[in-house]
Amino acid sequence: MATRSILLGGDTVVATMPKGYCVDTGSSRLRDDFALLMPCAALGSASGRPDPFGLATLQVGPEDSGSIARDEIALRDFLISDAGAKLLSRSGNSSEITILSTQAFDDQVMVHFKDAGAAPFAGLQSQEWRVFCDINGRLVTIGVRGLASAPLQDGPGATLLKQFRAGVQPVPDADEDSPPDT
């Protein structure tokens, strides 16, 4: 089953997919605040092929796990270190990671890297674009890759990451939207 919007992080984070993308609810672990995001057409929906075309993962951390807003430059600097490369690597082997670019701005950090290790899913390219940010006190991580047979290039990869990031927002406080007691 595919859906275009989900709640994660104890219903504190809402993720709405870019046009043409859906949440693969069968492969996601929503109870663990992890979602696999892919073209709706790959999930049997009649929608057309999105542009850019790729696959994304979304992970929302536990309560009070977010700390990027306190010092985004420190995280950016960490990611370009050996210890940071180890964190980015699926295998934990920093020698498999080549950092291609990093950015720190607006309380978030984006990193574009190549991972020589095994891809998280068969058929994905080795380059990944990832963003780290805080939403409602939780660390949120979004990663994007293209297909090995149709890899994303730098511009489209960064664009797709930004599209997914724009759709991940804090859930407004329910009390703010409630009418006042009379």
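The model is a predicted one, and buried residues account for 42% of the 182 residues in the protein chain.

The secondary structure of the protein chain consists of four helices and 11 strands. Its radius of gyration is 17 Å, close to the 16 Å that the globule rule gives for 182 residues, so the protein chain is as compact as a globular protein of that length. The C-alpha trace spans about 65 × 45 × 25 Å along its principal axes. Of the contacts between residues at least 6 apart in sequence, 50% join residues at least 24 apart. As for charge, the protein chain carries 15 positive and 23 negative charges, whose mean positions lie 10 Å apart.

Helix α1, which covers residues 72-79, has Glu72, Leu75 and Leu79 as buried residues. These residues cover an arc of only 60° around the axis, which puts them on the same side of α1.

The elements against which the buried residues of α1 pack are listed below.

| Element | Residues |
|---|---|
| α2 | residues 82-88 |
| β7 | residues 97-105 |
| β8 | residues 108-115 |
| β9 | residues 127-135 |

Notes: Residues are numbered from 1 along each chain as its sequence is written. This is a predicted model: local features need pLDDT of at least 70, side-chain atom pairs count only at pLDDT 80 or more; totals for chains, interfaces and linings use all residues. Side-chain values use heavy atoms; hydrogens and water are left out. Helices (H or I, at least four residues) and strands (E, at least two) are DSSP runs, numbered from the N terminus. The radius of gyration is taken over C-alpha atoms; the globule rule is 2.2 Å times the number of residues to the power 0.38. Buried means under 20% relative accessible area, exposed over 50%, partly exposed in between (1.4 Å probe, protein chains only). Contact means heavy atoms within 4.5 Å. Lys and Arg count as positive and Asp and Glu as negative; His and the chain ends are not counted. The place of a charge is taken as NZ of Lys, CZ of Arg, CG of Asp or CD of Glu. The arc is that of the directions from the helix axis to the C-beta atoms.
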